[in-house]
Amino acid sequence: MSTFYVTTPIYYVNDVPHLGHAYTTLVCDALARFHRMRGDDTRFLTGTDEHGQKVEEAATKRGLTPMQLVDQVAPRFDEMWKLLGITDYRFIRTTSEHHKAIVASLWKTIRATNPDDLYLETYQGWYCVGCEAFYKESELVKDGDAFACATHKKPVSWLDKERSWFFRLSKYAEPLLAHIEAHPEFIRPESYRNEIVSFLKGGLKDLSVSRTSFSWGVPVPEPDPKGDVHVTYVWMDALTNYLSDLCEGSAIGGPDVDKYWKSAVHVIGKDILRFHTVYWPAFLMSAGLPLPKGIFAHGWWTVRGEKISKSLPATRIDPLTLADALAGSPEKRPIGIDAMRYYLLREVPLGNDGDFTFESLFGRFNADLANDLGNLINRSLTMIAKFAPASPPKRDDQYLAAQSENPYFQIELAAHETCKLAAIQFEAFAPSKALEVIWRFVGMANRFIDQTQPWAMDRAKDPALAHCLWCLQSSLWLIARLIDPVLPATSRALREWIGDTAPVTWPEVSGEGRVLAAAPDDLVARPPSPLFPRLDEPMQNAIVVKVAGDAAATTAPTEAKPPPRSKPVKDKPVEAPVASGPITFDDFMKVELRVGRVVTAIAVPKMKKLLHLTVDLGEAAPRSIVAGIALAYNPDQIVGKQVLVVANLAPRKVGGIESQGMILAAGDESILGLSSLDRDAPPGTRVR
Ligand code: ME8
């Protein structure tokens, strides 16, 4: 039996999961589901990266010990994956005793195999706590006079002569290049392989692999003659998770290592390519251990060009809120999750960057799910239910003549090819292409109905009707299986409606070239209920409000609240104090004024002065803003209006609703008018 071992990065616990994390995990879940359906012995690992300076600092900021923080946040990831219906995964935490023992074991194995690969030295240089990485000056960007990390756009720290263990990374540039050349699938897609090859050709510098200036990590398992206490560099610790989950005891090795390691593929975001394709294989080579099969890097999901990330609240879309909003009602959550999975995996080929927009999301939903798939299921099952009493679906060989104009022959041929091609694409880590191939078949099945017009056939006399219905029913049987890796809830519903109770496996494409023939002949279909109702404008607006309102409001559960500056007045919009003297230009520039456009406006129940608006500021999603303008404006007077917004006001609750900014208006108790520009400017434009 073949094995398939897929891993996600283990996520930092300095904040709760967002759509970017969910993307990697959903991709791996879909791939794992596909391989299980193929009968491969499949192992799927995710988890949390809990040590290091970044987590220690996040804990201190919240007034917690690191252990308290990680114990609070790590379960949020596990919980999120369960709520999103991710199945059959293993969850590893780097604070587990077992993992810590394997990190120490890797160190000792390196020392035993290549004793000179670890040596003590003093480190001096730049460090980005966000990346937990050392940087050369040439790799940084300038932020005024300071150097900043190109990814996090935040100043980097200067580590001044920190005593450290070094790993002889410089020795491994050539062996790594040789491995990559001999195994073209080691780094995928090709563009990332090329990037790493040219990086390696530039030579490697030795790497500092321990820290002494903080203690939140795995202790280095050998003493420093000077008595300094070292913790293992967090990346050396974290990368080891892929192996430690397979190990049986407290040393590297065991039956699962033998069984799965050779098939391991690490799916990661492009931000952590170098750690996985240079450091990790070099550590393994040094320890004399085999390398994983490969690393597949995907691109970033952005929101209006900004990477979805913890540090940019407006981009931080909560996957569950998005799925629930798409579902429309809580009991349909699994269908909402399917719609989100479909959008994320179909819209962007794995490896490319993708910009999340509501337009593309709603476009995919309405065109592919509601129209193409939803209609096919609905039309087919309704017809089968109606005509089956007189003409039960039945395969009839007389309609299978190989002719280009014979729709019965064509649909069998297409089904067969689709099944083969979709498998090839899933195997190649190309779920987007697999879905494209499957949807081509969905389109063809819809055209098959138009061509054969079963409703016009004579129910009692036309023998083609039973075969036509059989083609439709078997096509649904096939589609239910092909979509299962990406749309498991939809597949389940569809299989139930066609009476298919068999375990969901990937259909065999045997020599005869007719996969539909593998469909059971005793299926009894029944009429469906609507799966993906078309999202009309009000529904779309409701989704935008829900997802946008949530994005900016999500924070880690443990974040300490700043002390209140004055006694809060319940639900009353806070009025800005008037400055007693002139303010400086710098004071003024602290206020981030931006052009906004009102997307939706609704009255706030029991608050006669308040309107709840969503305002487009050119961000991922409109902001939720509560404004005390209801006595001056009706909701429909203000929708579409351009307004000026204080965009960097700390979020606060007004009328029980989170308000993420303030719109500028003239007047006090009675509003005289809203501020605006004298011409049109794109939402998000800064006003000075
Ligand atoms: O890097 N688009 O953890 P992390 C796509 N602990 N994927 C995204 C994304 C986005 N906007 N944002 C995050 C770490 N991701 C280390 C990993 S592994 C031994 C240690 C995904 O919490 C993507 O997979 O910063 C990225 O690589 C990962 O989350 C980074 O998660």
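**Around the ligand**

Guide: A polar side-chain atom of Thr24 sits 2.7 Å from an oxygen atom of the ligand. Keep in mind that this is a predicted model. For Ile10, a backbone N or O atom lies 2.8 Å from a nitrogen atom of the ligand. For Trp301, a backbone N or O atom lies 2.9 Å from a nitrogen atom of the ligand. The protein buries 96% of the 670 Å² that the ligand exposes when taken alone.

Now step back to the whole shell. It counts 25 residues around the ligand. Ile10, Thr24 and Trp301 are among the closest, and so are Asp49 and Ile308. By class, the shell holds 12 nonpolar, nine polar and four charged residues. Strand S1, residues 3–12, gives the largest share, with four residues. Helices H1 (19–37), H7 (234–239) and H8 (241–244) each supply at least two residues as well.

Next, the helix pair. Helix H5 spans residues 173–182, and helix H10 spans residues 273–286. They pack at an angle of about 105°, and their axes are 10 Å apart. H5 is therefore roughly perpendicular to H10. From H5, the contact uses Pro175, Leu176 and His179. From H10, it uses Thr277, Val278, Pro281, Ala282 and Met285. Six of the residues in this contact are nonpolar, two are polar and none is charged.

Conventions. Residues are numbered from 1 along each chain as its sequence is written. This is a predicted model: local features need pLDDT of at least 70, side-chain atom pairs count only at pLDDT 80 or more; totals for chains, interfaces and linings use all residues. Side-chain values use heavy atoms; hydrogens and water are left out. A residue is near a molecule or strand if one of its heavy atoms lies within 4 Å of it. A polar contact is a pair of N or O atoms within 3.5 Å; within protein, one must be able to donate a hydrogen and the other to accept it, and residues adjacent in sequence count only if both atoms are side-chain atoms. Accessible areas come from the Shrake-Rupley method with a 1.4 Å probe; for residues, only the protein chains shown count as cover. Ala, Val, Leu, Ile, Met, Phe, Trp, Tyr, Cys and Pro count as nonpolar, Asp, Glu, Lys and Arg as charged, and the others, Gly among them, as polar. Axes are lines fitted to C-alpha atoms, for helices over the stretch in contact, and angles run from 0 to 180 degrees between N-to-C directions. Angles under 35 degrees count as roughly parallel, over 145 as roughly antiparallel, 65 to 115 as roughly perpendicular and the rest as oblique. Contact means heavy atoms within 4.5 Å.
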